[in-house]
Number of protein chains: 2
Amino acid sequence: MKTRKCLYPVLSGLMGLALTIASGQLLAMEALPALPPVPADNPLSAARIELGRMLYFDPRLSVDGSVSCNSCHNVMTNGTDNRPVSVGVKGQHGGRSAPTVFNAAYLTAQFWDGRAATLEDQARGPVLNPVEMGMPSASAVTRRLQRIPGYVDSFAEVFGGSGGLSFDNVLKAIASYERTLVTPNSAFDRYMRGDKAAMSKAALRGMKQVEQVGCTACHNGPNFAGPVALPMGQPFLQKFPTYTNNAYVKKYHLDKDTGRYTVTHKVEDKHMWRVPTWRNVALTAPYFHNGSVKTLDEAVRVMARTQLNKTLSDEAVADIVAFLSSLTGKIPPQTLPVLPQTVGMSVLGD
Amino acid sequence: MKTRKCLYPVLSGLMGLALTIASGQLLAMEALPALPPVPADNPLSAARIELGRMLYFDPRLSVDGSVSCNSCHNVMTNGTDNRPVSVGVKGQHGGRSAPTVFNAAYLTAQFWDGRAATLEDQARGPVLNPVEMGMPSASAVTRRLQRIPGYVDSFAEVFGGSGGLSFDNVLKAIASYERTLVTPNSAFDRYMRGDKAAMSKAALRGMKQVEQVGCTACHNGPNFAGPVALPMGQPFLQKFPTYTNNAYVKKYHLDKDTGRYTVTHKVEDKHMWRVPTWRNVALTAPYFHNGSVKTLDEAVRVMARTQLNKTLSDEAVADIVAFLSSLTGKIPPQTLPVLPQTVGMSVLGD
């Protein structure tokens with residue numbers, strides 16, 4: 001297959017030589033696999049990835065041309081924006097903190113409440129959300145892109161046999177690009193592949209702590225976000241906060257948002273949340289669904305208290321933070337996309 | 001000199017082989033020189049350029065982390081944002097349309113009213129402007145960057161002998177990067193260097209038209225923005241609109257903003273504006289200081305009527321647009337910057 005042939009040089013360059021090695025030492029901790037799952041109806045190809053990268057960076061996917069996917073999920077930093085909640089069009093604020101796009105491809109569901117089954121489904125949300133990118137409809141997106149000749153050509157080339165320039169194909173291209181946004185070769189991954197000097201002593205102590213304290217009951221698997229063997233679309237959910245009788249819940253408004261209940265309106269989904277990844281967590285402050293906790297050490301304390309009813313010593317917190325910092329991976333090197341242009345007119349403001 | 005040695009591989013890659021060739025054929029039309037002027041107190045170096053590129057893309061230079069230089073002067077497209085006026089922090093709108101950053105390094109003054117003498121001076125404006133990036137003070141910028149270890153290291157390395165991490169050095173780094181944002185090798189440049197097939201017949205007719213009609217009385221020199229031999233800091237100013245007794249002036253509110261007068265408050269500066277570049281003008285719709293004119297053909301008609309009191313035929317307009325389109329250059333290929341990170345905390349929102 002041509003697309004497969006195109007793919008491998010791209011991915012091998014992007015992902016390095018990360019290999020899946022199941023750990024015999026520590027339950028459920030493993031290095032990041034080189035390839036995230038790829039759905040059968042959206043096979044990866046270099047051309048899809050390249051088109052998706054242009055779309056990902058293109059602010060013309062927002063109603064007023066001021067917000068791109070990258071505005072809130074900034075791949076030049078950590079796949080997020082380091083803000084409590086993001087800024088959408090017209091200065092509006094979202095209700096939840098932007099999760100990192102890095103390694104999202106390994107999750108079995110997207111969004112904090114797991115309401116999207118795939119990266120394709122996820123990408124639909126912000127584009128059409130009035131407080132994010134604010135496009136009024138899927139057809140408004142395709143009408144605008146139809147006026148940009150370079151996109152018309154690219155969609156014909158990449159999706160010529162499967163719908164051409166459609167909103168579904170916009171989402172497929174973006175999701176293809178996002179499947180390359182993986183960060184292997186963290187200190188932890190190198191350690192798991194045999195480089196025993198890769199992690200500091202504090203990080204190694206922290207690695208034991210997160211098991212002893214109980215964190216890895218939920219934060220497990222290669223992405224530290226729960227089992228990757230769940231069917232795509234089935235989120236790995238946990239209740240948060242579990243223990244509510246403490247000062248943190250009130251101080252940080254942790255029980256204000258009812259999580260998955262806001263989508264399903266089922267009582268059993270109240271305060272249920274998709275378990276977020278630990279990878280690059282040291283870079284993605286502030287923390288939690290509402291971005292209310294400013295520092296990682298405080299986030300560790302909050303989690304121990306609200307989820308496990310434990311109060312950690314300062315030493316334990318420092319060791320766990322050192323371990324979490326060892327999960328910071330390498331951002332894949334990329335070229336700056338050059339977006340297709342319009343001649344003599346703008347597609348914005350009409 | 002070490003910095004000079006570092007520079008050439010970078011610039012030769014970025015700029016290709018563009019050479020200054022004074023035209024013997026057409027008064028005041030020339031190919032773009034390979035190097036823009038570089039001030040003696042900010043010599044170019046690969047390290048300054050690289051640091052400047054990071055800062056240019058870093059939204060943490062805005063008060064809420066939502067706006068970078070690139071947000072309004074997007075180097076992935078045309079050095080601007082294709083909006084009438086840009087969107088700053090808190091959804092605020094600026095008063096004038098963002099000029100393209102491409103080839104701004106050849107101008108002898110910056111901003112629509114020429115109020116900044118250099119790219120360094122220009123960069124100061126948006127960072128501290130409350131409706132653009134909204135930082136409260138120069139010291140607030142440096143305090144924030146001081147908390148990002150990667151920047152502390154980079155400034156020590158690049159500006160160790162000359163002030164380290166200071167706001168002036170932030171501006172120097174950004175300006176250094178901007179001096180690489182030049183777009184040689186347009187069809188016009190290739191034509192001027194001897195490739196007589198580079199321009200279409202329509203574009204060649206348009207090249208004659210702009211002289212005959214009188215446009216090049218102001219839009220001349222290699223950047224089509226007036227003489228490049230003026231002292232740095234002296235803008236090449238013209239009155240706009242000159243002929244006000246026409247429907248365009250009213251329809252597009254062309255005389256509402258008094259231009260340079262808003263800076264100097266001198267009567268002779270009323271409605272005086274720095275002559276903008278023609279390079280890449282086909283990509284930078286909408287047009288004029290207030291972004292009120294949506295298409296390039298209409299902009300050509302407006303200019304002929306308001307500046308030269310002429311009404312052009314549709315054919316003349318089409319030929320001039322073809323010529324202006326031949327001034328679209330090649331965006332320099334770049335790698336996506338990776339911004340320095342903070343561990344366990346965000347520098348925003350405090």
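Which residues in α9(A) meet which residues in α13(A)? In this predicted model, Ala202(A), Ala203(A), Arg205(A), Gly206(A), Met207(A), Gln209(A) and Val210(A) on the side of α9(A) meet Ala316(A), Ala318(A), Asp319(A), Ile320(A), Ala322(A), Phe323(A) and Ser325(A) on the side of α13(A). The residues of this contact divide into nine nonpolar, three polar and two charged.

**Packing of α9 and α13 in chain A**
- Helix α9 of chain A, which covers residues 201-213, packs with helix α13 of chain A, residues 314-325, at an angle of about 100 degrees, and their axes are 7 Å apart.
- An angle from 65 to 115 degrees counts as roughly perpendicular, and α9(A) is therefore roughly perpendicular to α13(A).

**Relation and contact of the two chains**
- Chain B is superposed on chain A by a rotation of 180 degrees with 0.0 Å of shift along the axis, at an RMSD of 0.0 Å, and this is the relation of a two-fold axis.
- The contact between the chains takes 39 residues from chain A and 39 residues from chain B.
- On the side of chain B that touches chain A, the elements giving two or more residues are α12 (296-308) and α13 (314-325) of chain B.
- The residues of that side of chain B divide into 19 nonpolar, 14 polar and six charged.
- Because 100% of the interface residues of chain B are also interface residues in chain A, the copies meet through the same surface.

**Helix α7 of chain B**
- Helix α7 of chain B (residues 167-178) has twelve residues, which at 1.5 Å a residue should span 16 Å, and the 17 Å between its end C-alpha atoms agrees with this.
- The helix α7(B) is mostly covered, with eleven of its twelve residues buried.
- Among the buried residues of α7(B) are Phe167(B), Val170(B), Leu171(B), Ile174(B) and Tyr177(B), and also Lys172(B) and Glu178(B).
- The cover over the buried residues of α7(B) includes α2 (46-57), α3 (69-72), α4 (119-128), α5 (138-146) and α6 (149-159) of chain B.

**Glu268 of chain B**
- Glu268(B) is placed in the loop between α11 (261-264) and β2 (272-274) of chain B.
- Because 10 other C-beta atoms lie within 10 Å, Glu268(B) is exposed, the cut-off for an exposed residue being 12 or fewer.
- Glu268(B) and Lys239(B) are 29 residues apart in sequence, while in space they are 9.7 Å apart, C-alpha to C-alpha.

Technical notes:
Residues numbered from 1 in each chain as written. Chains lettered and ligands numbered in written order. Predicted model: local features only at pLDDT ≥ 70, side-chain atom pairs only at ≥ 80, totals over all residues. Least-squares fit on C-alpha atoms with pLDDT ≥ 70 in both. Contact = placed C-beta atoms within 7 Å. Axes fitted to C-alpha atoms, helices over the stretch in contact; angles between N-to-C directions. Helix = DSSP H or I, 4+ residues; strand = E, 2+ residues; numbered from the N terminus. Parallel < 35°, antiparallel > 145°, perpendicular 65-115°, else oblique. Nonpolar A, V, L, I, M, F, W, Y, C, P; charged D, E, K, R; others polar. Expected span 1.5 Å × (residues − 1). Buried ≥ 20, exposed ≤ 12 C-beta atoms within 10 Å, placed from the backbone.
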